[in-house]
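I wrote down what I looked up, in the order in which I did it.

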Protein chains: 2
Amino acid sequence: MGNISQITSRQLPEHGGAQSILRAANLLREVGLRRSVGLAELTAATGLSKPTVRRMLLALINVGLVAQNPETKQYKLGVDAYLLGQLAETPYNFHELSRDGIARLAEVSGDTAYLSIRQGDSTFCLHREEGKYPIRTHVLHIGDRQPLSVGAASMAVLAALPKVEADAIMENNIDKIRDSYPDFDMEKIYTLVAEARIQGWALNPGLAFAGSWAIAVAVRDPEGQVLGAITIAAIEARLDAKRQLELSVPLVKEAKRLEKLMRQAHGESRPVASLLTHEVRNRKR
Amino acid sequence: MGNISQITSRQLPEHGGAQSILRAANLLREVGLRRSVGLAELTAATGLSKPTVRRMLLALINVGLVAQNPETKQYKLGVDAYLLGQLAETPYNFHELSRDGIARLAEVSGDTAYLSIRQGDSTFCLHREEGKYPIRTHVLHIGDRQPLSVGAASMAVLAALPKVEADAIMENNIDKIRDSYPDFDMEKIYTLVAEARIQGWALNPGLAFAGSWAIAVAVRDPEGQVLGAITIAAIEARLDAKRQLELSVPLVKEAKRLEKLMRQAHGESRPVASLLTHEVRNRKR
DNA sequence: TGTCGCGGTCCATAATATGGAACTATAATG
DNA sequence: CATTATAGTTCCATATTATGGACCGCGACA
């Protein structure tokens with residue numbers, strides 16, 4: 001494998017020998033990131049040859065991780081991918097524990113509340129809860145991924161990271177961002193992140209999508225690492241300076257609450273019920 | 001696929017060349033089926049050599065599908081597995097659309113209601129909702145898989161399948177079941193499934209776990225295929241013949257409702273919102 | 001009718017993954 | 001302290017396994 005040019009994605013011969021797994025996982029990710037996608041696009045996205053992609057897709061279909069619509073010939077994630085997700089957990093039960101808080105935020109604000117988790121140089125939208133106000137921004141969807149810098153949650157995460165780390169990431173992401181959001185003002189991002197550091201919450205004044213504003217607060221795990229962020233998004237008219245301040249209060253409160261929940265849950269390593277669980281599991285095995 | 005000996009799992013050189021993906025997926029599944037597992041058990045479970053398993057695990061860790069606890073050295077599914085699951089869907093939105101109905105069943109019964117989806121020769125527990133009655137059976141957990149024949153949901157699915165297919169599956173599963181549930185009376189299963197065909201709902205009178213009874217109804221997708229089942233489980237004292245009859249009414253009703261929901265949702269291929277989604281997605285790419 | 005884009009397949013070749021063995025380390029057990 | 005079990009690593013000859021160029025068939029378009 002080429003070790004000089006880094007055109008496609010992750011590579012390196014890797015000490016051991018397991019390249020095909022990396023490729024397959026990459027492919028799986030590419031399929032997942034689009035709701036439905038054709039063979040050609042996947043070959044382009046992965047940089048692999050058509051037969052290879054097709055073979056890998058067949059294998060993934062065989063194990064149920066991918067499904068193909070027999071009419072449109074489009075590929076998408078299969079049921080087993082869903083099931084696998086049911087078996088996995090977010091760290092510290094981040095997702096589960098946040099549910100109520102996010103709902104409360106949607107309730108009190110009337111707008112849309114989000115939960116995002118950090119994944120390397122991106123954030124990933126895990127959950128969305130809608131409030132009662134009839135005009136909503138539907139910009140961010142569950143499953144959407146945004147490079148750090150783009151969006152309120154992203155900026156909140158960046159602001160919460162050590163400054164050197166944040167700067168390195170921004171440097172790193174700058175190309176990715178120029179590709180996807182050509183008319184993006186990186187200077188503004190630096191300012192906004194700096195402000196977020198002082199305020200304790202980040203503001204996205206419609207940068208990614210005109211008219212769609214949002215404020216966000218980072219959430220840390222019991223070890224102090226930045227796990228993700230919670231966000232309230234609204235149309236511009238409903239997020240002026242005054243309301244930003246108003247909403248930042250419950251937002252920060254819910255973030256603190258979530259952090260506390262995670263600390264508590266972290267204390268009790270295993271609930272009593274798992275004893276029974278264990279008994280049953282043995283029976284099965 | 002191998003139709004004679006099924007010793008290890010899926011095998012055969014497979015027409016194409018993508019065996020390592022099959023192996024990796026298998027490994028991933030084995031990791032997922034246990035909450036947390038060591039290297040030795042995985043080598044045993046997969047039938048592969050230690051270096052191979054370790055190499056594959058490293059690759060899977062690299063892509064985030066597996067995580068390793070640095071203290072215990074145990075492996076489990078990684079965050080990316082979770083995220084992947086968020087991107088996937090159950091067929092016909094089975095899981096989403098069932099949520100309210102399951103909650104209602106838990107509410108009216110006071111006991112525990114389940115949703116299970118069929119996966120080949122097994123059912124997989126997708127969702128559980130608990131009622132208010134203080135004594136609950138915690139036998140089945142989200143993520144648990146049971147071979148068809150074992151459990152009320154399983155039997156409901158079997159009863160709903162064409163008889164020849166059901167018989168073939170039972171024949172097929174019989175070894176698996178003898179392994180895991182040594183004191184299992186297959187004769188009784190046949191009887192119960194036959195009864196289920198007549199009644200329209202299946203009863204598990206504490207077969208898998210003494211004292212834990214349940215009734216279940218199969219659910220079909222808009223094409224008429226059996227997708228899974230919904231279940232009400234309770235302790236034996238709360239599921240005598242009279243109450244079985246009582247509870248079977250709302251159970252069947254919810255199943256019908258769910259089927260209707262899926263038919264409706266199937267009609268409208270794409271909601272309006274996805275136009276916007278598409279626009280945003282383009283921006284990113 | 002020609003051509004372009006797409007999904008899909010073949011197969012000789014080259015690259016890749018494999019696992020036995022031998023070894024280290026650490027922790028629990030008797 | 002010896003023993004056992006577990007996790008993990010390295011080496012390397014071997015052959016299993018993946019690869020992609022070339023090719024086919026189809027439908028859309030001009």
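Which residue in E8(A) is the bridge partner of Ile117(A)? I found Gly228(A) there.

Some housekeeping before I go on. I am reading a predicted model, in which local features need pLDDT of at least 70 and side-chain atom pairs count only at pLDDT 80 or more, while totals for chains, interfaces and linings use all residues. Residues are numbered from 1 along each chain as its sequence is written, and chains are lettered from A and ligands numbered from 1 in the order in which they are written.

**Entry: strand E8 of chain A**

I took helices (H or I, at least four residues) and strands (E, at least two) as DSSP runs, numbered from the N terminus. Two strands pair if DSSP finds at least two bridges between them. E8(A) covers residues 226–235, and eight of its ten residues are buried (20 or more other C-beta atoms within 10 Å of the residue's own, C-beta atoms being placed from the backbone). Strand E3 (residues 112–119) of chain A runs antiparallel to E8(A), with six bridges. Strand E7 (residues 212–220) of chain A is also antiparallel to E8(A), with nine bridges. There I saw Ala216(A) opposite Thr231(A). E7(A) and E8(A) make a hairpin with five residues between the strands, where Gly224(A) has a positive phi near 95°.

**Entry: the sheet in chain B**

I traced an open antiparallel sheet of six strands in the order E5-E4-E3-E8-E7-E6 in chain B. Its edges are E5 (145–147) and E6 (202–205), each of which pairs on one side only. Four bridges link E6(B) with E7(B), residues 212–220, and Pro205(B) is opposite Trp213(B).

**Entry: how the two chains meet**

For contacts I used C-beta atoms, placed from the backbone, that lie within 7 Å. By that count, 49 residues of chain A touch 49 residues of chain B. Which element gives the largest share of the side of chain A that touches chain B? I noted H4(A), with eight residues; this helix spans 79–87. 100% of the contact residues of chain A recur in chain B, so the same surface serves both copies.

Key
Two residues are in contact if their C-beta atoms, placed from the backbone, lie within 7 Å. A residue is buried if 20 or more other C-beta atoms lie within 10 Å of its own, exposed if 12 or fewer, and partly exposed in between; C-beta atoms are placed from the backbone.
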